[in-house]
Every structure is written in C-alpha cells, then in structure tokens.
Amino acid sequence: MDTSKGLDNIDGIVWFDGQYVDWKDAKVHVLTHTLHYGLGVFEGVRAYSTTQGPTIFRLKDHTNRLFESAETVKLKIPYSKDEINKAQIEVVKRNKLEEAYIRPMCFYGSEGLGLRADNLKVHCVVAAWYWPSYLSPELYERGIKVKLSSYTRQRGNKVSRSKVNGNYVNSIVALNEALEAGFDEALMLDTEGNVAEGSGENFFMVKNGKIFTPDVEASLNGITRKSIIDLAKNEKIDVIEKNISPEQVIQADELFFTGTAAEVLPITYVDKNKISNGQRGPITKILQSKYSSHVRGENILFPEWLTNISDN
C-alpha cells in the first residue's frame, strides 16, 4: 500500500460499520459529532512480519481497552469484541499486509450537534496500512532529545487517561512545542509536578539497576508499557511504580519511552541535560531486543500476546 500521497489516496479496504468497503468510499459527513467535539475512542495496534506470517501484537488487549475507554465516556459500541477483533484480522488480510499499523475507532455520527450527544448513531471503522517505523531507525540506537513540556496531564481523571480522541489535542500541542524548540519529543508532567508521559508514550527511568515508571493516574495504561514490565520482570529486573520528579529524571542512569508506535525508544537528553553518558543504556538495549524478538515471533515468552493472521 503506497502512503506517499496521503492516507486518503490508498488503494485498499476498510471495515466500516460491519462492511468491507473501498478505502476511498470510507467517508463521513462534515457535521459528524466527533469531528466537532472529539468524543470518540480509538486504538493503535501493530501487526509484524514473522516466520509464521503476519501476527498482530496483543490484539485482544487493545480491543479490551477500546471497550474500557468507550465505557468510560458512555459510548455504546454496537459490535462485540470478537467482531472488532475479526475486523482487524481481516483488514490486514484483505490489504495483503505483512507489516501494518491498525486503527480501530468508534465515533458519533451526524444526526445532530450538541453536548448532550443523545440520539446519535455510533459508527465503527477499522483501517490498516503499511507503517514500518515511527521514527528514524538510528534514533532507536542513538536515542532522542526530549523537552520538558509546558503542557500538563490531569491526575486522577479517568476520562483524560482513556484513549479518547479529544485527549490528544494536549499531546499534539506538547509535541509541536518540543519540535519547534529543536527536540524530538515532549515529556509532560502531571498537575502535581511529577513526570507523567510523552506525547504518545509511557515513560521509564533506570537507576541503580532498577526500573521506575509513573503510575497511570496521569497517563494512559499502555499495552507496550505492560509488556515491558513483564519482560523486565522475566529478566529479574525490579520494576517500581512511583512518583518521579524532574530532578530525579536528570540524575537517572537511563531513560526510555514505550508505545505501540515508538516501541522501546531511548532518551539521552532532557532539555539541555545529558542523561548519564548520553548513550543508550544496557537495560534499555536488553528490553529493546527482548521486545523486538517477541513481537516478531523469534523468542516467544508470552504466546498469548500474538495472534497469527493465518490461523484466523
């Protein structure tokens, strides 16, 4: 699938309200409620090429979170989890993708506008396209420079830590602020001044051989985050959830982000502060390798994480 001319010009198939339609026919009205108010829910899912064929990573976990987000904002998804899972498998198959980024989304229609959001139809789509790497490959070895953002994440707000469309306005402006200042990413604090997350990634810190990560009171409970915690524990590395101050970040031995798109991404500078020796750390490197080999089916520690396309 050629994405060089934009996602709206792909030749492919989209699952739209229970039907498989031509990519260019998957359209909505300009008065669609979610376009105006941002009340929708979505997921970002990856399929990887393996020796057994394309395999979706943690498919059911992503779909479970989609439904949890929908329940949080009282959006009733008119399809079952099994139907949403099957749609994700089928769009990868029908678009003949070996590697894919998969986007399920549920949103309100154009029956009316207004904050009550009553009497609106809930639509669901699943699209998939080729997306091999979120960032330049060399950054996964060299690491990235992040800026402490002036934008914050709310703490203790269940809606703001769900995967709701409108929440990502905050992430976009934080990322753009960082990019405009010459950095690669943003690192946002919560409303109490502790580290929360990146614009679309969870945050980890390594100090004295132990891994620390913020709790999820001010950030998304990431699927990749959970995976890295399990992989680290399998390597007998302690993982501790705690409040992390900006001062502790600067004094860390290693820092890294995790996310479906970013995978495991080293952080080597925060503002103008070099972290340790300014290079990717050994624990980060180990977890990158373990994660990569797992998602690609080379060293499977948790087989329930992998859904093989050819088996479904």
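Student: Which residue in β9 does Leu 148 stand opposite?
Tutor: Leu 148 stands opposite Leu 187 in β9. This is a predicted model, where local features need pLDDT of at least 70, side-chain atom pairs count only at pLDDT 80 or more, and totals for chains, interfaces and linings use all residues. Residues are numbered from 1 along each chain as its sequence is written, and side-chain values use heavy atoms, leaving out hydrogens and water.

Student: How many bridges join β8 to β9?
Tutor: 5 bridges join β8 to β9 (residues 185-190), and the two run parallel. Strands pair if DSSP finds at least two bridges between them. Strands (E, at least two residues) and helices (H or I, at least four) are DSSP runs, numbered from the N terminus.

Student: How does the chain cross from β8 to β9?
Tutor: Through helix α5 (residues 168-180), in a right-handed β-α-β crossover. Right-handed means that, with the strands pointing away from the viewer, the path from the first strand over the helix to the second runs clockwise.

Student: And what joins β8 to β15?
Tutor: 3 bridges link β8 (residues 144-153) with β15 (residues 263-270), again running parallel. Lys 145 has Tyr 269 as its bridge partner in β15.

Student: New topic. How many disulfides are there?
Tutor: 0 in the whole structure. The cut-off is a pair of cysteine sulfur atoms within 2.5 Å.

Student: Is Cys 106 buried or exposed?
Tutor: Cys 106 is buried, because its relative accessibility is 1%. Buried means under 20% relative accessible area, exposed over 50%, partly exposed in between (1.4 Å probe, protein chains only). Cys 124 is also buried, at 1%.
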